[in-house]
Amino acid sequence: MKTKPDLGFWKLWNLSFGFFGVQIAYALQSANVSRIFTTIGADPHDLSYFWILPPLMGLLVQPIVGMMSDRTWNRFGRRLPYLILGATIAVIVMCLLPNAGSFQFTVSSAILFGLIALMLLDTSINMAMQPFKMLVGDMVNEKQKGLAYSIQSFLCNSGSVVGYIFPICLGWIGLKNTAPSGVVPPTVIWSFYIGAAILLLCVIYSLLKIKEWPPQTYNEYNGIDPNAAKQSSPGVISLLKNAPSTFWTVGLVQFFCWFAFLFLWTYATNTVAFKAFDTPTTQSIVGIKDGNKLYSAKNLLIQDTVLIVTHGEALAEGVSVDGVFYPTSQVVVNGNDTLVSNHFIQHNEKGVAKASFGKKIDGIKTITIDGQTIDSCRNIVISDYLSRIQGPFQLTQAAIVANVNGIVSVEDASTVQISNAADCTYETKTVLNSATPQYNDAGNWVGLLYAIQALGSVAWAVILPKFRSRKFSYSLSLLLAGIGFILMSFMTNQWALFIAFLLIGCGWAAMLAWPFTILTNSLKGGNIGAYLGLFNCTICVPQIIAALAGGWILSLMSVPGELAPEYRMMMIAGIAIIIGSICVFFIKEGNKADNKVEETPAISENI
């Protein structure tokens, strides 16, 4: 086997530079997906289910890219074709995903659109990320791998920081950080646009600067017999049967770590918004209950004509003033304070409703109803449609859709006969008001917290190789992260959260360093790409399990009708990663750290 030549610094840099753009895309996804889905109307109990798609696509894509690229060669190279395809899809989808609430879809259609976009984005990120890790394995000799991985680590964390802070920086320079209910704020939308542009530039740079070795040269430098490679191409089952024990013992630790981090990405925004930013809540209607029967829909009508509930919000039929009822679409008090507009109760600048159905409104000096000034200003009560219905009526559950021309149509309608309106009540749920400045400030702040986590990870990664025992440093790092998760569920000061995320960054550094380092020390031969792809299953599978279990666990801790206690999921995440810190001592290493003077840890893929 020929010895791989030394590469200059800038050649090593060029091999990994595209990682910077890919990591920006990944950071924007991980920091903003829950915020986007919450904004377009997703139930907090369903958030974890949306996070099934990223690890599921990683589970499918990473092994395929690994095994196929081991056997690929064309005019673009061995690994680069997968980078081109993945990055192209990612750039397109990054321009679509944050606009899921801007296309005048129904809530369910917007969520479906967002899910498809998320699936495509994560698939493409996985496809674009894998080649950079493999290029280092392909073209860098053992002596320079430490430096190559250090460069990749720097670019990885730099891209993360840039992606995380985009929304808050755009807010600082004056871009609007709020939007109408159901629409993602411009700070987030433009963050994805800029991230997509940077990713495209990084990929173009990589294609211009990276020249992969042709198959014959590749085989000579990596000690591969091309004839033997053609005769034996082991399948997944064979690879797993012959995997070193390190593969499985590290995988046990991986399970608890990535289980915990899936909960972080899913529930961090709402946890910070509730605990540290005092985000107002809003009561959303999920349907009308007739006795024990619930008729749920985002849009409910009477007799298929009169809309009474839209997108979880009841409409006002009118206002009662001193016992006299006035049907109305607009109520203005005290000269210019609009309480009701277009049948909707309005909210103040803090996101709090200015009035409640059925409750008297005090402090009114003048009142104007649909342009008509009313003399009396006593005993003012706003009434919803349901409270005004007498006797039996027909209730229609429907999806209301506005097309590009603004024409509204009713789709998927089903009508039921209600025998007595007096027996009906609204079935409600309480959620954080995602249209408020507090919620969107919290969303931007979470991006900054993730950046603090990345910086803490960089600092801790420098310290990690100084520990004499690799296992001790791995376990300690995860323990510190567990403490950080638990602190998150209690902290009410937005600045104090820096401490929690610095601790989480310690665990993140170890998760991105030691598993990959320990595994690569036990891998030999021509199936490295395949094993690296399979190893990502130990990252994806625990995330899938966490996503499936998250909604169920949150439901067990929730009280119907009250705000879901998402901050408690941080405690569960902390306990999980602490269990992972204990499992570190079950790892069986093929290459002991104690036998080396100093080792620069390598980083693994983030998905």
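**Exercise 1. How many residues does α6 have, and what span does it reach?**

Solution. Helix α6 has 33 residues. From its first C-alpha to its last it reaches 49 Å, close to the 48 Å expected at 1.5 Å a residue. The expected span is 1.5 Å times one less than the number of residues. Helices (H or I, at least four residues) and strands (E, at least two) are DSSP runs, numbered from the N terminus. Next, its cover: 24 of the 33 residues of α6 are buried. Buried means under 20% relative accessible area, exposed over 50%, partly exposed in between (1.4 Å probe, protein chains only).

A note on the model: it is predicted, local features need pLDDT of at least 70, side-chain atom pairs count only at pLDDT 80 or more, and totals for chains, interfaces and linings use all residues. Residues are numbered from 1 along each chain as its sequence is written, and side-chain values use heavy atoms, without hydrogens and water.

**Exercise 2. Find where α12 bends, and say why it is largely enclosed.**

Solution. Start with the extent: α12 covers residues 245–275 and reaches 43 Å, close to the 45 Å expected. The bend is about 55°, at Tyr 267. A bend is the angle between axes fitted to the seven residues ending at a residue and the seven starting there. Now the cover: 26 of the 31 residues of α12 are buried, so the rest of the structure largely encloses this helix.

**Exercise 3. How many salt bridges does the structure hold, and which parts do they tie together?**

Solution. There are three salt bridges. Each needs a side-chain nitrogen of Lys or Arg within 4 Å of a carboxyl oxygen of Asp or Glu.

- Asp 43 and Lys 429 meet at 3.3 Å, N to O. Asp 43 lies in the loop between α2 and α3 and Lys 429 in strand β17, so the pair ties together parts 386 residues apart in sequence. Both Asp 43 and Lys 429 are buried.
- Arg 378 and Asp 322 meet at 3.0 Å, N to O. Both lie in loops, so this pair ties together parts 56 residues apart in sequence. Arg 378 is exposed at 55% relative accessibility.
- Asp 337 pairs with Lys 354, with the closest N and O atoms 2.8 Å apart. Asp 337 lies in strand β9 and Lys 354 in a loop, so the tie spans 17 residues in sequence.
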